[in-house]
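Please look over the sequence and the model shown here. The notes below it go through a few parts of the fold in turn.

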Amino acid sequence: MQQKNKNIMDYDTVRLDDKNDAVVIIDQTKLPSSIELLSLKTAQEIWDAIYLLKVRGAPAIGVAAAYGIYVLAKQIQTEDYDIFYQEFVKRKEYLDSSRPTAVNLSWALNRMLNVVKEHKAETVASIKEQLRQEAVNIQVEDIKVCKMIGEYGLALVKPGDGILTHCNAGQLATSKYGTATAPIYLGQERGYGFRVFADETRPLLQGARLTAFELQSSGVDVTLICDNMSATVMKNGWVDAVFVGCDRVAANGDAANKIGTSVVAAVAKYYDVPVYICAPTSTIDMNTPTGADIKIEQRPAEEVTEMWYKERMAPEGVKVFNPAFDVTDHELIAGIVTEYGVARAPYTESLKEIFSLKEKSKFI
(Lines give C-alpha, C1' and ligand atoms only; values in the text may rest on other atoms or scores of the structure.)
Protein backbone atom coordinates (compact mmCIF):
# COMPACT_ATOMS: atom_id res chain seq x y z
CA MET A 1 0.00 0.00 0.00
CA GLN A 2 1.63 3.23 -1.20
CA GLN A 3 1.25 6.39 0.85
CA LYS A 4 1.34 9.98 -0.45
CA ASN A 5 1.62 13.48 0.94
CA LYS A 6 2.82 12.51 4.42
CA ASN A 7 6.15 13.09 6.12
CA ILE A 8 8.10 9.89 6.78
CA MET A 9 8.29 10.89 10.46
CA ASP A 10 4.50 10.65 10.69
CA TYR A 11 4.58 6.86 10.25
CA ASP A 12 5.24 4.09 12.73
CA THR A 13 8.25 2.06 11.64
CA VAL A 14 6.53 -1.03 13.05
CA ARG A 15 3.02 -1.43 14.45
CA LEU A 16 0.59 -4.17 15.32
CA ASP A 17 -2.68 -4.47 13.40
CA ASP A 18 -4.32 -6.83 15.87
CA LYS A 19 -7.72 -6.70 14.22
CA ASN A 20 -6.29 -8.03 10.95
CA ASP A 21 -3.69 -10.33 12.56
CA ALA A 22 -0.78 -8.52 10.94
CA VAL A 23 2.44 -6.66 11.58
CA VAL A 24 2.55 -3.44 9.56
CA ILE A 25 5.94 -2.04 8.57
CA ILE A 26 7.38 0.61 6.29
CA ASP A 27 9.13 -1.16 3.41
CA GLN A 28 12.51 0.49 3.86
CA THR A 29 13.90 -0.96 0.64
CA LYS A 30 11.58 1.42 -1.26
CA LEU A 31 12.68 4.59 0.55
CA PRO A 32 13.11 7.43 -0.19
CA SER A 33 11.40 7.29 -3.58
CA SER A 34 8.14 5.92 -2.22
CA ILE A 35 6.58 5.18 1.16
CA GLU A 36 4.97 1.77 1.07
CA LEU A 37 3.41 -0.08 3.99
CA LEU A 38 3.51 -3.87 4.15
CA SER A 39 1.06 -6.00 6.11
CA LEU A 40 2.84 -9.16 7.24
CA LYS A 41 0.71 -12.13 8.26
CA THR A 42 2.70 -15.31 7.64
CA ALA A 43 5.96 -16.63 9.06
CA GLN A 44 7.52 -16.47 5.59
CA GLU A 45 6.48 -12.82 5.12
CA ILE A 46 7.89 -11.81 8.51
CA TRP A 47 11.12 -13.77 7.95
CA ASP A 48 11.60 -12.25 4.50
CA ALA A 49 10.94 -8.73 5.77
CA ILE A 50 13.72 -9.08 8.36
CA TYR A 51 16.18 -10.88 6.09
CA LEU A 52 15.66 -8.56 3.12
CA LEU A 53 16.01 -5.45 5.32
CA LYS A 54 12.48 -4.27 4.68
CA VAL A 55 12.50 -3.75 8.43
CA ARG A 56 15.96 -3.19 9.90
CA GLY A 57 17.80 -1.61 12.79
CA ALA A 58 18.34 -3.70 15.90
CA PRO A 59 15.50 -2.23 18.05
CA ALA A 60 12.98 -2.24 15.17
CA ILE A 61 13.87 -5.84 14.37
CA GLY A 62 13.18 -6.72 17.99
CA VAL A 63 9.78 -5.02 17.95
CA ALA A 64 8.86 -6.62 14.61
CA ALA A 65 9.91 -10.03 15.88
CA ALA A 66 7.85 -9.63 19.06
CA TYR A 67 4.72 -8.59 17.18
CA GLY A 68 5.46 -11.21 14.55
CA ILE A 69 5.66 -14.15 16.94
CA TYR A 70 2.48 -12.93 18.64
CA VAL A 71 0.64 -12.88 15.30
CA LEU A 72 1.92 -16.37 14.54
CA ALA A 73 0.96 -17.59 18.01
CA LYS A 74 -2.61 -16.45 17.39
CA GLN A 75 -2.70 -18.83 14.44
CA ILE A 76 -1.95 -21.89 16.58
CA GLN A 77 -5.34 -23.53 17.07
CA THR A 78 -5.15 -25.75 20.14
CA GLU A 79 -6.06 -25.66 23.79
CA ASP A 80 -3.31 -28.12 24.70
CA TYR A 81 -0.36 -26.28 26.26
CA ASP A 82 2.26 -28.82 25.18
CA ILE A 83 1.15 -28.69 21.55
CA PHE A 84 0.98 -24.89 21.68
CA TYR A 85 4.47 -24.70 23.19
CA GLN A 86 5.98 -26.99 20.54
CA GLU A 87 4.40 -25.04 17.70
CA PHE A 88 5.42 -21.73 19.26
CA VAL A 89 9.06 -22.81 19.54
CA LYS A 90 9.11 -23.89 15.88
CA ARG A 91 7.92 -20.47 14.77
CA LYS A 92 10.23 -18.69 17.21
CA GLU A 93 13.31 -20.57 15.97
CA TYR A 94 12.35 -19.93 12.36
CA LEU A 95 12.12 -16.17 12.86
CA ASP A 96 15.35 -16.24 14.87
CA SER A 97 17.19 -17.64 11.84
CA SER A 98 16.48 -14.60 9.66
CA ARG A 99 19.52 -12.53 10.69
CA PRO A 100 22.54 -13.53 12.80
CA THR A 101 24.22 -10.32 13.96
CA ALA A 102 21.51 -8.19 15.60
CA VAL A 103 21.12 -9.52 19.15
CA ASN A 104 17.74 -7.77 19.60
CA LEU A 105 16.13 -10.38 17.36
CA SER A 106 16.85 -13.30 19.69
CA TRP A 107 16.47 -11.06 22.76
CA ALA A 108 12.89 -10.16 21.88
CA LEU A 109 11.95 -13.67 20.81
CA ASN A 110 13.37 -15.11 24.04
CA ARG A 111 11.34 -12.60 26.04
CA MET A 112 8.24 -13.81 24.28
CA LEU A 113 9.20 -17.45 24.86
CA ASN A 114 9.62 -16.74 28.56
CA VAL A 115 6.04 -15.47 28.65
CA VAL A 116 4.83 -18.81 27.30
CA LYS A 117 6.86 -20.66 29.93
CA GLU A 118 5.88 -18.44 32.84
CA HIS A 119 2.15 -18.74 32.13
CA LYS A 120 2.09 -22.48 31.60
CA ALA A 121 -0.68 -22.96 34.15
CA GLU A 122 -3.05 -20.60 32.29
CA THR A 123 -5.25 -21.22 29.27
CA VAL A 124 -3.80 -20.88 25.79
CA ALA A 125 -6.11 -17.91 25.20
CA SER A 126 -4.67 -16.20 28.28
CA ILE A 127 -1.13 -16.93 27.13
CA LYS A 128 -1.86 -15.33 23.77
CA GLU A 129 -3.11 -12.19 25.52
CA GLN A 130 0.03 -12.14 27.69
CA LEU A 131 2.12 -12.38 24.52
CA ARG A 132 0.30 -9.39 23.02
CA GLN A 133 0.95 -7.32 26.14
CA GLU A 134 4.63 -8.30 26.22
CA ALA A 135 5.08 -7.28 22.58
CA VAL A 136 3.45 -3.92 23.32
CA ASN A 137 5.73 -3.54 26.34
CA ILE A 138 8.80 -4.15 24.18
CA GLN A 139 7.78 -1.32 21.86
CA VAL A 140 6.87 1.09 24.67
CA GLU A 141 10.20 0.35 26.36
CA ASP A 142 12.03 0.99 23.09
CA ILE A 143 10.64 4.53 22.93
CA LYS A 144 11.60 5.25 26.55
CA VAL A 145 15.07 3.76 26.06
CA CYS A 146 15.80 5.80 22.93
CA LYS A 147 14.66 9.00 24.66
CA MET A 148 17.08 8.37 27.55
CA ILE A 149 19.92 7.52 25.18
CA GLY A 150 19.22 10.86 23.53
CA GLU A 151 19.40 12.70 26.86
CA TYR A 152 22.72 11.11 27.81
CA GLY A 153 24.12 11.61 24.32
CA LEU A 154 23.06 15.24 24.22
CA ALA A 155 25.13 15.89 27.34
CA LEU A 156 28.25 14.88 25.40
CA VAL A 157 27.98 17.67 22.81
CA LYS A 158 27.22 21.38 22.71
CA PRO A 159 25.06 23.67 20.54
CA GLY A 160 26.43 24.21 17.04
CA ASP A 161 28.55 21.06 17.02
CA GLY A 162 29.18 19.01 13.92
CA ILE A 163 28.12 15.38 14.24
CA LEU A 164 28.91 12.51 11.90
CA THR A 165 26.81 9.35 11.82
CA HIS A 166 27.23 6.11 9.90
CA CYS A 167 24.39 3.98 8.50
CA ASN A 168 20.90 4.43 9.95
CA ALA A 169 20.22 4.34 13.67
CA GLY A 170 17.32 6.75 13.48
CA GLN A 171 13.57 6.56 13.91
CA LEU A 172 13.41 4.13 10.99
CA ALA A 173 15.58 1.73 13.00
CA THR A 174 13.50 2.00 16.18
CA SER A 175 10.02 2.96 17.35
CA LYS A 176 10.90 6.64 17.87
CA TYR A 177 13.94 8.95 18.18
CA GLY A 178 16.44 6.32 17.11
CA THR A 179 19.62 5.57 19.04
CA ALA A 180 22.48 7.44 17.36
CA THR A 181 20.07 10.11 16.10
CA ALA A 182 18.27 10.55 19.42
CA PRO A 183 20.69 13.27 20.61
CA ILE A 184 20.29 14.97 17.22
CA TYR A 185 16.48 14.97 17.38
CA LEU A 186 16.41 16.18 20.98
CA GLY A 187 18.92 18.87 20.05
CA GLN A 188 16.75 19.88 17.12
CA GLU A 189 13.77 20.27 19.47
CA ARG A 190 15.87 22.44 21.80
CA GLY A 191 17.50 24.67 19.20
CA TYR A 192 21.03 23.24 19.31
CA GLY A 193 21.58 23.82 15.60
CA PHE A 194 23.70 20.72 14.95
CA ARG A 195 25.38 20.25 11.59
CA VAL A 196 25.13 16.57 10.71
CA PHE A 197 27.15 14.56 8.20
CA ALA A 198 25.61 11.25 7.12
CA ASP A 199 27.78 8.61 5.45
CA GLU A 200 25.97 6.92 2.56
CA THR A 201 26.92 3.48 3.95
CA ARG A 202 26.91 -0.02 2.50
CA PRO A 203 25.03 -2.29 2.27
CA LEU A 204 21.86 -0.89 0.75
CA LEU A 205 23.06 2.72 1.10
CA GLN A 206 21.08 3.14 4.29
CA GLY A 207 22.73 6.41 5.26
CA ALA A 208 21.80 7.98 1.94
CA ARG A 209 18.32 6.49 1.58
CA LEU A 210 17.23 6.53 5.23
CA THR A 211 19.32 8.72 7.53
CA ALA A 212 19.59 11.67 5.17
CA PHE A 213 15.90 11.26 4.31
CA GLU A 214 14.55 11.27 7.84
CA LEU A 215 16.91 13.97 9.15
CA GLN A 216 16.06 16.25 6.23
CA SER A 217 12.35 15.51 6.76
CA SER A 218 12.79 16.66 10.38
CA GLY A 219 14.44 19.93 9.40
CA VAL A 220 17.93 18.94 10.57
CA ASP A 221 20.93 20.53 8.79
CA VAL A 222 22.24 17.32 7.19
CA THR A 223 24.91 16.82 4.53
CA LEU A 224 25.27 13.49 2.75
CA ILE A 225 28.82 12.27 2.15
CA CYS A 226 30.33 9.12 0.69
CA ASP A 227 32.00 6.83 3.20
CA ASN A 228 35.49 7.65 1.94
CA MET A 229 34.94 11.36 2.67
CA SER A 230 34.83 11.04 6.46
CA ALA A 231 38.53 11.79 6.85
CA THR A 232 38.19 14.99 4.83
CA VAL A 233 35.35 16.45 6.91
CA MET A 234 37.22 15.56 10.12
CA LYS A 235 40.45 17.07 8.87
CA ASN A 236 38.53 20.24 8.01
CA GLY A 237 37.42 20.46 11.64
CA TRP A 238 33.76 20.07 10.76
CA VAL A 239 33.10 17.09 13.06
CA ASP A 240 33.11 17.35 16.86
CA ALA A 241 31.67 13.92 17.64
CA VAL A 242 30.65 10.67 15.96
CA PHE A 243 27.42 8.99 17.04
CA VAL A 244 26.66 5.54 15.64
CA GLY A 245 24.31 2.75 16.56
CA CYS A 246 25.18 -0.93 16.69
CA ASP A 247 23.70 -4.37 16.37
CA ARG A 248 25.69 -6.06 19.12
CA VAL A 249 28.12 -4.93 21.82
CA ALA A 250 30.45 -7.54 23.30
CA ALA A 251 31.28 -7.68 27.01
CA ASN A 252 34.66 -5.99 26.40
CA GLY A 253 33.09 -3.06 24.55
CA ASP A 254 33.80 -4.18 20.99
CA ALA A 255 30.82 -3.15 18.85
CA ALA A 256 29.44 -4.58 15.62
CA ASN A 257 27.85 -1.97 13.41
CA LYS A 258 27.29 -1.47 9.72
CA ILE A 259 30.36 -2.13 7.57
CA GLY A 260 32.72 0.86 7.53
CA THR A 261 32.12 1.92 11.13
CA SER A 262 35.54 0.65 12.17
CA VAL A 263 37.12 2.78 9.44
CA VAL A 264 35.28 5.87 10.70
CA ALA A 265 36.42 5.10 14.24
CA ALA A 266 40.06 4.65 13.22
CA VAL A 267 40.02 7.94 11.30
CA ALA A 268 38.28 9.70 14.18
CA LYS A 269 40.95 8.45 16.58
CA TYR A 270 43.64 10.00 14.37
CA TYR A 271 41.83 13.37 14.29
CA ASP A 272 40.97 13.24 18.00
CA VAL A 273 37.22 13.09 17.42
CA PRO A 274 35.31 11.03 20.04
CA VAL A 275 33.27 8.08 18.82
CA TYR A 276 30.17 7.17 20.81
CA ILE A 277 28.27 3.92 20.36
CA CYS A 278 24.57 4.41 21.14
CA ALA A 279 23.28 1.09 22.40
CA PRO A 280 20.25 0.09 24.45
CA THR A 281 21.12 -2.57 27.01
CA SER A 282 19.11 -5.03 24.90
CA THR A 283 21.88 -4.72 22.29
CA ILE A 284 24.68 -5.39 24.78
CA ASP A 285 25.50 -9.10 24.89
CA MET A 286 27.45 -9.90 28.04
CA ASN A 287 27.58 -13.54 26.93
CA THR A 288 29.75 -12.56 23.97
CA PRO A 289 33.27 -11.98 25.36
CA THR A 290 34.80 -10.01 22.45
CA GLY A 291 34.00 -8.78 18.98
CA ALA A 292 35.80 -11.79 17.52
CA ASP A 293 32.92 -13.91 18.81
CA ILE A 294 30.25 -11.95 16.88
CA LYS A 295 28.97 -13.71 13.77
CA ILE A 296 29.11 -11.33 10.81
CA GLU A 297 26.36 -11.53 8.21
CA GLN A 298 27.41 -11.83 4.57
CA ARG A 299 25.23 -10.10 1.99
CA PRO A 300 24.63 -11.01 -1.69
CA ALA A 301 27.28 -9.91 -4.22
CA GLU A 302 24.58 -8.28 -6.37
CA GLU A 303 24.24 -5.48 -3.80
CA VAL A 304 27.70 -4.30 -4.88
CA THR A 305 27.87 -5.23 -8.55
CA GLU A 306 24.51 -4.25 -9.97
CA MET A 307 21.69 -3.55 -7.53
CA TRP A 308 21.89 0.26 -7.63
CA TYR A 309 22.77 0.72 -11.29
CA LYS A 310 20.82 0.80 -14.54
CA GLU A 311 23.50 -1.45 -15.99
CA ARG A 312 25.90 -3.80 -14.21
CA MET A 313 28.89 -1.77 -12.97
CA ALA A 314 31.33 -4.60 -12.18
CA PRO A 315 32.88 -7.16 -14.50
CA GLU A 316 31.08 -10.49 -14.79
CA GLY A 317 32.62 -13.17 -12.61
CA VAL A 318 34.56 -10.85 -10.32
CA LYS A 319 34.81 -12.04 -6.74
CA VAL A 320 32.89 -9.94 -4.19
CA PHE A 321 33.31 -9.72 -0.42
CA ASN A 322 30.23 -8.07 1.06
CA PRO A 323 29.98 -8.29 4.86
CA ALA A 324 27.08 -6.34 6.34
CA PHE A 325 28.97 -5.39 9.51
CA ASP A 326 32.41 -4.88 10.94
CA VAL A 327 33.57 -4.77 14.54
CA THR A 328 34.96 -1.57 16.04
CA ASP A 329 37.62 -2.27 18.65
CA HIS A 330 36.77 -0.98 22.11
CA GLU A 331 40.01 1.01 22.17
CA LEU A 332 38.57 3.27 19.45
CA ILE A 333 35.37 3.97 21.37
CA ALA A 334 35.13 7.00 23.68
CA GLY A 335 31.90 5.84 25.32
CA ILE A 336 28.91 3.55 25.01
CA VAL A 337 25.71 5.52 25.53
CA THR A 338 22.92 3.48 27.12
CA GLU A 339 19.58 4.28 28.71
CA TYR A 340 21.30 4.02 32.11
CA GLY A 341 24.26 6.28 31.41
CA VAL A 342 27.52 6.36 29.48
CA ALA A 343 29.91 3.45 29.92
CA ARG A 344 33.60 4.27 29.64
CA ALA A 345 36.75 2.16 29.44
CA PRO A 346 37.45 -0.34 30.86
CA TYR A 347 34.19 -1.65 29.43
CA THR A 348 34.50 -5.04 31.09
CA GLU A 349 33.78 -3.17 34.33
CA SER A 350 31.58 -0.26 33.25
CA LEU A 351 29.14 -2.44 31.31
CA LYS A 352 28.67 -4.58 34.40
CA GLU A 353 27.91 -1.38 36.33
CA ILE A 354 25.34 -0.40 33.69
CA PHE A 355 23.53 -3.72 34.14
CA SER A 356 23.75 -3.34 37.91
CA LEU A 357 21.99 0.03 37.55
CA LYS A 358 19.41 -1.60 35.31
CA GLU A 359 18.64 -4.25 37.92
CA LYS A 360 18.09 -1.60 40.59
CA SER A 361 16.19 0.83 38.37
CA LYS A 362 12.43 1.18 38.07
CA PHE A 363 12.88 3.05 34.78
CA ILE A 364 11.46 0.21 32.67
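The model is predicted, so to speak of local features a pLDDT of at least 70 is needed, side-chain atom pairs count only at pLDDT 80 or more, and totals for chains, interfaces and linings use all residues. Residues are numbered from 1 along each chain as its sequence is written, and side-chain values use heavy atoms, with hydrogens and water left out. Helices (H or I, at least four residues) and strands (E, at least two) are DSSP runs, numbered from the N terminus.

**The sheet**

- An open sheet is formed by 4 strands in the order β12-β9-β10-β13, with mixed pairing; two strands pair if DSSP finds at least two bridges between them.
- The edges are held by β12 (284–285) and β13 (325–328), each with a single partner strand, so one side of each has no neighbour in the sheet.
- Strand β9 (residues 248–250) runs parallel to β12, and 2 bridges join them.
- On its other pairing, β9 is antiparallel to strand β10 (residues 255–258), over 2 bridges.
- V249 has a bridge partner in each of these strands: I284 in β12 and A255 in β10.
- The hairpin of β9 and β10 has 4 residues between the strands, and G253 there takes a positive phi near 95°.
- β10 and β13 run antiparallel and are joined by 4 bridges; K258 stands opposite F325 in β13.

**Aromatic rings**

- A pair of aromatic rings is described by the distance of the centres and the angle of the planes.
- The structure holds 8 aromatic pairs. Rings of Phe, Tyr and Trp (its six-membered ring) pair if their centres lie within 6.5 Å; planes under 30 degrees apart count as stacked, over 60 as edge-to-face and the rest as tilted.
- One of the pairs is F84 with F88, which is tilted, at 6.1 Å centre to centre and 35° between the planes.
- Both F84 and F88 lie in helix α3 (residues 81–96), 4 residues apart, about one turn of the helix.
- F84 and F88 are both buried; buried means under 20% relative accessible area, exposed over 50%, and partly exposed in between (1.4 Å probe, protein chains only).
- The rings of F197 and W238 have centres 6.1 Å apart and planes at 10°, so this pair is stacked.
- F197 is in strand β6 (residues 195–199) and W238 is in the loop between α8 (230–235) and β8 (241–244), so the pair ties together parts that are 41 residues apart in sequence.
- F197 is buried, with a relative accessible area of 8%, whereas W238 is partly exposed, at 40%.
- One aromatic cluster is formed by W47, Y51 and Y94.
- R299 lies over the face of Y51, 5.6 Å from the ring centre. A charge sits over a ring if NZ of Lys or CZ of Arg is within 6 Å of the ring centre and within 35 degrees of the ring normal.

**Helix α11**

- Which residues of α11 are buried? They are Y347, S350, L351, I354 and F355.
- Seen down the axis of α11, the buried residues fall within an arc of 140°, so they line one face of the helix. The arc is that of the directions from the helix axis to the C-beta atoms.
- The face turned away from the buried side of α11 carries the exposed residues K352, E353, E359 and K360.
- The buried residues of α11 pack against β9, β12, β14 (335–338) and β15 (341–343); contact means heavy atoms within 4.5 Å.

**Helix α1**

- In helix α1 (residues 43–51), the buried residues are I46, W47, A49 and I50.
- These buried residues fall within an arc of 160° seen down the axis of α1, so they line one face of the helix.
- They pack against β3 (22–26), β4 (35–40), α2 (58–74), α3 and α4 (103–118).
- Just after α1, L53 takes a positive phi of about 65°.

**Tyrosine Y67**

- Y67 is found in helix α2 and counts as buried, at 4% relative accessibility.
- The C-alpha atoms of Y67 and R132 are separated by 7.4 Å, although these residues are 65 residues apart along the chain.
- Leaving aside neighbours within four places in sequence, Y67 is in contact with V14, R15, L16, V23, A135, V136 and Q139.
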